[in-house]
Amino acid sequence: MSETPSITREDVAHLAKLARIDLPPESLDHYAEQLAVILGAVAQVSEVAADDVPATSHPLPLVNVFREDVVRGSLTAEEALSGAPSVESDRFRVPRILDEA
Amino acid sequence: MTSELISLTAAETASKVASGEVSAVEVANAHLDRIGAVDERVHAFLYVDREGALAAADAVDKARAAGEQLSPLAGVPLALKDVMTQKGIPTTCGSKILEGWRPPYDATVTARLKAAGVVILGKTNMDEFAMGSSTEHSAYGPTHNPWDLDRIPGGSGGGSAAAVAAFEAPLAIGTDTGGSIRQPAAVTGTVGVKPTYGAVSRYGLVALASSLDQAGPCSRTVLDAALLQSVIAGHDPMDSTSVTDPVPDVVGAALRADVKGLKIGIVRELGGEGYQAGVRQRFDEAVTILEGLGAEIVEVSCPHFPYALAAYYLILPSECSSNLAKFDGVRFGIRVGEGDGDPSIEQVMGRTRAAGFGDETIRRIMLGTYALSAGYYDAYYGQAQKVRTLIQRDFAAAFAQADVLISPTAPTTAFKLGEKLDDPLAMYLNDVATIPANLAGIPGMSLPVGLAPEDGLPVGLQIMAPALADDRLYNVGAALEAALLQTWGHPILQEAPSL
């Protein structure tokens, strides 16, 4: 087995910040413990794959798919906005973006 | 009449509807009544679309009356996994974050089902965003296994498998990223197929891990699964990873059901230690049956399979953390904490995602974020992608020695609800035999091969074939199914306790 990586509550807080998940502070230790166990188990991938093994990102040998640029039907503004939590003047309305408070 | 209609196979139902022996509306009503009678206990459905189902059934009856040619599954009811969009119908993916969302468009799978006259009864329960092996990670409560209501129905597509096993629908759609069609099929005594990656369009399938996700059929017989796959499969310009090759004749293969002279490989690494005794026993018996039917049994080795689970739990969280970034409280779903002070959009996103995502989803998003972050990318995600290459090479070598490969679908029968909920690693081990097929993009089927003697619960056998050779699954599966049926004298679900 590979060495269990150490994950601190500060690490979890940082990951949560990157992932835009506002975790309650009391949950950080719990996640730290679980992530360390899982990472310890999955770290065994480093035992087997040698440098000369190419990486595979996808199961199919894919190439880019192109199509003609033609005009075709799409969702109406009303349909596209139908699931939005907040709408104003045919647009998605969002909270303030700039840090001007 | 009602109990008779719900116990029919999809093929039988379609033929009775086509001949006029029963109407599609009668069939739909029988299943809606069944849902009304048992789903409070099973909880396979998150939403039942009574009105829409009856309207679709009525349209089939009218088309028949008008002398129109009906498609092979016209009038057959189906349960749709809640990860697939259906226009105007709530689609939650088992998550609070999408509560109340009614998609403005149909997934390609949904559109093809509608065009074929399939009657969509409603949306089925699932682990949140298809992450889990027990349906316990649904934000709307777990689904219960019809064989024992205290046990899990598998996951993530536990709702679809349970609906089929409980005779609430003869057909269901599942999606399989690491086993989410096959493992629920195994633990509920039903049939489930993950087609070749790209065989069925992903357009309108809410993405978990885009390089692994694949939709496919759930049913009670191999032929029914083939009929459903032939309706939903085929190239779709709306999905750039959709394969352009012609769909193999899966229905013809299910009807052929002849394994004489076929080479069937047992994967040494998928079995033995860690597998329940009764699972191994039923698997071994099935091997003997296949041999008796004229198949040649060989043993193959896939030496890198023990690393598949580790690679999967790096690749999946990585793709998931990226895919789920779109749930930000702006374009769909819930928004949380906007009124609390004068928060910025970033703060609202954080609050929305913390309130909207469940424990397992948060865990996997953070795992993926970790695996993709600077300093760890090469050691984790990069290495996992190399393992993926090694898994594909293992399969290539194995398929040079055998036409299909077989293994138990899952290491154990259905476990108790709550048993593994606090131990993510133990939960992940349920997928140990199903994950390699996803990493390589090849097709896999699970079908029931009996009940484990120690607990009386269903055991599944998995068949795997090379990419685009899905027909081989159906040929072998149907041959084994017919032989087992002869041994048992009745379909296995007749042994399930009545609900």
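Reader: Why is B:Tyr370 called buried?
Author: In this predicted model, B:Tyr370 has a relative accessible area of 7%, and because buried means under 20%, B:Tyr370 is classed as buried.

Reader: Why is the aromatic pair of B:Tyr370 and B:Tyr376 called stacked?
Author: The two rings lie 4.3 Å centre to centre with 25° between the planes; centres within 6.5 Å make a pair and planes under 30 degrees apart count as stacked, so this pair is stacked.

Reader: And why is the pair of B:Tyr370 and B:Tyr380 edge-to-face?
Author: Their centres are 5.6 Å apart, which is within the 6.5 Å limit, and their planes stand at 65°, which is over 60, so the pair is edge-to-face. It joins B:Tyr370 in helix H13 (residues 359–372) of chain B to B:Tyr380 in helix H14 (residues 378–401) of chain B, and both residues are buried.

Reader: How do you know that the charged end of B:Lys420 sits over the ring of B:Phe415?
Author: The charged end of B:Lys420 is 4.3 Å from the centre of that ring, which meets the distance limit of 6 Å, while the label also requires a position within 35 degrees of the ring normal.

Reader: Which residues do ring pairs link into a cluster?
Author: The cluster consists of B:Trp101, B:Phe129, B:Phe327, B:Phe332 and B:Phe357.

How values were computed
Residues are numbered from 1 along each chain as its sequence is written. Chains are lettered from A and ligands numbered from 1 in the order in which they are written. This is a predicted model: local features need pLDDT of at least 70, side-chain atom pairs count only at pLDDT 80 or more; totals for chains, interfaces and linings use all residues. Side-chain values use heavy atoms; hydrogens and water are left out. Rings of Phe, Tyr and Trp (its six-membered ring) pair if their centres lie within 6.5 Å; planes under 30 degrees apart count as stacked, over 60 as edge-to-face and the rest as tilted. Buried means under 20% relative accessible area, exposed over 50%, partly exposed in between (1.4 Å probe, protein chains only). Helices (H or I, at least four residues) and strands (E, at least two) are DSSP runs, numbered from the N terminus.
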